[in-house]
Amino acid sequence: MTDCTHSPLTFASLGRRNITANFDGGAITSDGGTLLLREVDRRIGLTAAMADAVSDPRDPAKITHDLLTLIRQRVFALAAGYEDGNDHQRLRHDPMMQILTEQPADPDQPLASPPTLCRMENAVTHPSLTRLSAVFVEQFLASHQGPPEQIILDFDATDARIHGQQEGRFFHGYYDHYCFLPLYVFCGDQLLCAYLRPSRIDAAKHSRAILKLLVERIRQAWPATKIIFRADSGFCRWKTLRWCDRYGVGYIVGLAQNKVLLREAQPWTVPAAIEHQRTGEKVRWFGTIGYAAGTWDRVRRVIVKAEHGEQGPNPRFVVTNLPGDPQVLYDELYCQRGEMENRIKEQQLHLFADRTSCHAFAANQFRLLLSAAAYVLLETLRRVGLRGTSLARAQCDTIRLKLLKIGARVRVSVRRVVLHLASGYPLAGLLRTVLTRLAHLRPVPL
């Protein structure tokens, strides 16, 4: 590494003492806590499985950094908060980043440069992306010690804003900007699918095919597990509902209101309005109707929420094949899908899933999956290591700030690597607890 001479930084004095600073501390890192993510990855084998899924067209005789190292370098950097490939111009010399990628903490053996990482992203093929997507499903299955009685698959789409001339660039009228339209699938907090799409499509495009693939693989592993498909009205397509009915998949999906639904809901909406006028209080009544749009193959059960408050009427409709009380299904099952939006926000805001600035569409899909991998590492850390602690429900940026961003001096000898963590770190006890729990994390056979 070339040493550059810079003038010192000068700050306000402390009494009669001058305060200056230089970037010459040597083997010091600001990311001492990221070793926890390395422990997670070594147990669940995520980055190794990703490397196995990607074809490497390079000549092995001319390779300095293998594919596994490159993938780890990008994934761990995203998890640590470094969104840009250009960040690696300096990160490649960071001793902690070298350790995370299983490389010697040696300033004379830097990691890959930004151009090398960029070439990796742009060399990915569509078959590799298909295999990579399957890795996340396998990770989800392997994270359970036994088949659950029931799982809920949440589907939702969001926008990934773009500013260049990327392949698949289209203007989206609802979001009012040029963007991609990625599709996410979660089960609780666990991610199963992150699928990049151009925005000039129906929001439900390819969702039925993805649902079929997920159900087929899950039933191979867990034949007796009940599967429920949950989504908002943007995913209410009768062919998807018909497929669910035919193959024993439950569903609870939002249904956009129309004149027919509003007319059929009057036995609840009209009395709700009268009751609100009488009491001045907000009224929420529930009922069910049988409904079929003109294109549907048959009549289906629709839950009616007749709500009337100070803002006026607020009716909602949900189509389902699940038995049970309509209010319980709406409040305790359908409304819980809103939690998935927080998981998408974590991806977009904290793990840079919208950093889709490559020209090639396949390269941007790869970037989305790299962000998804960073999320899986942090989610596993939260679910296993932070269970029952003050950070058990913390978002990724909070976990990063409180648990990963720890100043440390790295000392390397022939026999060991020692991290001297900041003495004033306030969560030392929590870090010890998390490390102990991760040591008992069951290794995933991949």
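Lining the second largest pocket are 23 residues, and those that lie nearest its centre are T130, S133, A134, I210 and L213. A pocket here is an open set of points on a 1 Å grid over the protein atoms alone, with protein on both sides within 12 Å along at least five of seven lines, and lining residues have an atom within 4 Å of a point. The volume of this second largest pocket is about 600 Å³, where a volume is the space filled by probe spheres set on the points, which are joined across faces, edges and corners. Two or more residues of the lining come from each of α7, β9 (190-195), α8 (207-221) and α14; helices (H or I, at least four residues) and strands (E, at least two) are DSSP runs numbered from the N terminus. By class, the lining of the second largest pocket has 14 nonpolar, 6 polar and 3 charged residues, with Ala, Val, Leu, Ile, Met, Phe, Trp, Tyr, Cys and Pro counted as nonpolar, Asp, Glu, Lys and Arg as charged, and the others, Gly among them, as polar.

The model is predicted, so that local features need pLDDT of at least 70 and side-chain atom pairs count only at pLDDT 80 or more, while totals for chains, interfaces and linings use all residues. Residues are numbered from 1 along each chain as its sequence is written, and side-chain values use heavy atoms, with hydrogens and water left out.

Helix α7 (residues 126-142) also packs with helix α2 (residues 46-53), their axes coming within 8 Å and crossing at roughly 155°; axes are lines fitted to C-alpha atoms, for helices over the stretch in contact, and angles run from 0 to 180 degrees between N-to-C directions. That angle makes α2 roughly antiparallel to α7, the term used for angles over 145 degrees, whereas those under 35 count as roughly parallel, 65 to 115 as roughly perpendicular and the rest as oblique. The contact (heavy atoms within 4.5 Å) is made by L46, A49, M50 and A53 of α2 and by S128, R131, L132, V135 and Q139 of α7. These residues divide by class into 6 nonpolar, 2 polar and 1 charged.

For α8, the axis comes within 10 Å of that of helix α9 (residues 238-246), and the two cross at roughly 20°, so α8 and α9 are roughly parallel to each other. R208, L211, K212 and V215 of α8 meet K239, T240, W243 and C244 of α9 in this contact, which has 4 nonpolar, 1 polar and 3 charged residues.

Helix α14 (residues 361-385) packs against helix α15 (residues 396-404) at an angle of about 70°, with the axes 11 Å apart, and the two are therefore roughly perpendicular to each other. Their contact is made by Y375, L378, L381 and R382 of α14 and C396, I399, L403 and L404 of α15, and by class it has 7 nonpolar, no polar and 1 charged residues.

Finally, the structure holds 1 cavity of 30 Å³ or more, a cavity being a set of points where a 1.4 Å probe fits but cannot get out. The largest cavity, with a volume of about 40 Å³, is lined by R74, L78, E83, F352, R355 and R367, of which 2 are nonpolar, none polar and 4 charged.
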